[in-house]
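The following paragraphs lead the reader through a protein model step by step. Please keep the sequence and the structure in view while reading.

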Amino acid sequence: MSATFTLTVLKAGNPVASMQGASESVAAGQTVTVDWVSQDKYVGGAGFTTAFQCDSTF
């Protein structure tokens, strides 16, 4: 299975960055590492949370 993902970084509940990732040819039960890509400006500090979304699977 392959999939595309979006990871949104939030600070105080507000989005500050969005990243995209993808995986290809993943077998059931297999663990893979995803490289995330973003064009958003880096925001440093503490207190971030994330929201993960699977955009598509095929």
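Two strands are said to pair if DSSP finds at least two bridges between them. Strands themselves are DSSP runs (E, at least two residues), numbered from the N terminus. The model discussed here is predicted, so local features need pLDDT of at least 70 and side-chain atom pairs count only at pLDDT 80 or more, while totals for chains, interfaces and linings use all residues. Residues are numbered from 1 along each chain as its sequence is written, and side-chain values use heavy atoms, with hydrogens and water left out.

We begin with the sheet. Strand S1 (residues 3-11) runs antiparallel to S2, and nine bridges join the two. Strand S2 covers residues 14-23. At one end of this pairing, Lys 11 has Asn 14 in S2 as its bridge partner. S1 and S2 form a hairpin with two residues between them, and in the turn Ala 12 has a positive phi of about 55 degrees.

S1 also pairs with strand S3 (residues 48-57), again in the antiparallel sense and over nine bridges. Within this pairing, Leu 7 stands opposite Phe 52, and Val 9 stands opposite Thr 50. Strands of a sheet pair through backbone hydrogen bonds, either parallel or antiparallel.

Gly 21 lies in S2 and counts as buried because its relative accessibility is 9%; buried means under 20% relative accessible area, with a 1.4 Å probe and protein chains only. Leaving aside neighbours within four places in sequence, Gly 21 is in contact (heavy atoms within 4.5 Å) with residues including Phe 5 and Trp 36. Ser 23 in S2 is likewise buried, at 11%.

Finally, we turn to the aromatic residues. Phe 5, Trp 36 and Phe 52 form one aromatic cluster, where rings of Phe, Tyr and Trp (its six-membered ring) pair if their centres lie within 6.5 Å. The charged end of Lys 11 sits over the ring of Phe 48, 4.9 Å from its centre; this requires NZ of Lys or CZ of Arg within 6 Å of the ring centre and within 35 degrees of the ring normal.

Terms used
Helices (H or I, at least four residues) and strands (E, at least two) are DSSP runs, numbered from the N terminus. Buried means under 20% relative accessible area, exposed over 50%, partly exposed in between (1.4 Å probe, protein chains only). Rings of Phe, Tyr and Trp (its six-membered ring) pair if their centres lie within 6.5 Å; planes under 30 degrees apart count as stacked, over 60 as edge-to-face and the rest as tilted.
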